[in-house]
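Keep the picture open beside them and look up each residue as you read.

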Amino acid sequence: MKKYVLLILTLSLAFVSGCKTTRTVATRPTETRPKPAYNAYIERNAERALVSQKIYRVPASITLAQGLLESGAGTSTLASQANNHFGIKCHDWRGEKFYQKDDGPRDCFRVYDDIQGSFDDHGKFLRNNSRYAGLFSLSMDDYKGWAKGLQRAGYATDKGYANKLIKIIEDYQLYLITDDNPDRRYAYNRPTQPKREVNRQGAPLRYQKPATRDTAPKDERDVFISYGLLYVLAKPNDDLPSIARDMGISERELQRFNDFPKGYPLSEGDIVYLQRKLLRAEPPFYEHTVKVGESIHSIAQTYGLQLSALYDLNGLTPDYEPTEGDILRLR
């Protein structure tokens with residue numbers, strides 16, 4: 001297997017050797033510097049979010065991301081004076097009320113006795129509100145679908161709301177939180193999928209356009225090439241350790257090639273590159289307009305760009321939060 005992977009990587013290098021694009025490493029940092037207040041908030045409230053997940057079926061990652069975003073990790077006026085961590089307005093609320101400027105000059109917000117009341121009401125609010133009913137057909141692991149659904153259902157008017165939630169979840173690896181792992185621990189090299197053979201039929205360079213789906217049998221992996229880069233597409237329920245084992249590449253190396261945070265959960269069809277990505281997108285891809293639910297990482301993966309290069313091209317820092325309609329340079 002390792003010999004086969006080395007062969008296709010060698011062929012790939014030969015294929016692109018005449019190209020002007022290089023794959024040296026861009027120097028800009030690619031990870032947001034963790035905020036101690038955010039980590040402290042997560043540690044204090046992970047169990048609350050897990051209880052809400054169990055009772056109301058709202059993913060713990062979404063609950064924590066909304067709490068962090070809406071309350072500024074518990075430091076906002078609304079959180080400190082009204083124990084309201086999710087920005088929920090009064091609507092038909094019969095309890096105590098708190099007024100402050102928001103969409104209007106004096107909007108009405110719910111007041112809770114303590115933070116637990118805020119977490120409980122957040123779960124009830126989503127579960128019992130018909131506008132959010134469609135979210136509960138999504139997988140509990142589909143934090144991207146939940147984030148996009150919340151924005152589309154009107155939870156917030158911010159055009160970047162979904163993208164901000166996704167960024168928080170990925171920056172702080174909230175997808176790792178479970179009943180057995182509230183501390184977000186992660187151990188490398190633990191594949192969960194059965195071993196799959198790499199498809200040896202045909203030349204490995206036969207695909208010259210981005211593949212949209214994997215048609216290989218479930219026990220095989222096809223290797224694709226686009227932009228001169230070799231990659232595979234994630235299978236249903238796939239994970240990076242399983243792909244690393246099958247391709248004979250270390251998990252940490254695949255993580256570096258793809259700018260994945262630790263334990264990143266793959267979705268079916270996700271691109272996993274088998275070599276370092278580009279510093280500039282290939283023509284005719286010159287710019288990208290941000291859509292709802294996109295992260296800076298997902299945009300970089302789409303065009304085979306190093307994440308640090310995408311930051312450099314646009315003069316951005318890892319704190320950048322993509323907003324629908326933003327235009328990003330790709331080369």
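1. Which residue just after α8 takes a positive phi? G248 does, with a phi of about 70 degrees.

2. A word on the source. This is a predicted model, in which local features need pLDDT of at least 70 and side-chain atom pairs count only at pLDDT 80 or more, while totals for chains, interfaces and linings use all residues. Residues are numbered from 1 along each chain as its sequence is written, and side-chain values use heavy atoms, with hydrogens and water left out.

3. Now the overall picture. The protein has 11 helices and 9 strands. Of its 331 residues, 50% are buried, where buried means under 20% relative accessible area, exposed means over 50%, and partly exposed is in between (1.4 Å probe, protein chains only). Among contacts with a separation of 6 or more, 63% join residues 24 or more positions apart; a contact means heavy atoms within 4.5 Å.

4. Back to helix α8, residues 240-247. Is this helix mostly covered or mostly uncovered? Mostly covered: 7 of its 8 residues are buried, including L240, I243 and M247. At the start of α8, a side-chain oxygen of D239 comes within 2.7 Å of the backbone nitrogen of S242. That is a polar contact, meaning a pair of N or O atoms within 3.5 Å; within protein, one must be able to donate a hydrogen and the other to accept it, and residues adjacent in sequence count only if both atoms are side-chain atoms.

5. Next, the largest nonpolar core, which has 60 residues. A nonpolar core is a set of buried Ala, Val, Leu, Ile, Met, Phe, Trp, Tyr and Cys residues joined through side-chain atoms within 4.5 Å. Y155, L174 and L254 touch the most other members. Helix α8 is one of the elements that give two or more residues to this core, and α2 gives the most, with 7 residues. Apart from this core lies another, of 21 residues, among them L278, I296, L307 and L316.

6. How do α10 (residues 296-303) and α11 (residues 307-314) cross? Their axes come within 9 Å and cross at roughly 105 degrees. Axes are lines fitted to C-alpha atoms, for helices over the stretch in contact, and angles run from 0 to 180 degrees between N-to-C directions. The two helices are therefore roughly perpendicular, a label for angles of 65 to 115 degrees. Their contact involves I296, H297, I299 and A300 of α10 with L307, L310 and Y311 of α11.

7. R196 sits in the loop between α7 (161-171) and β3 (197-198), and counts as buried because its relative accessibility is 6%. A polar atom of the R196 side chain lies 2.4 Å from the backbone oxygen of K218.

8. The other is N83, in the loop between α4 (77-82) and β1 (97-100). With 23% relative accessibility, N83 counts as partly exposed. The side chain of N83 reaches the backbone oxygen of Y112 at 3.2 Å and that of D113 at 3.2 Å. The C-alpha atoms of N83 and V111 are 6.2 Å apart, although 28 residues separate them along the chain.

Notes: Helix = DSSP H or I, 4+ residues; strand = E, 2+ residues; numbered from the N terminus. Parallel < 35°, antiparallel > 145°, perpendicular 65-115°, else oblique.
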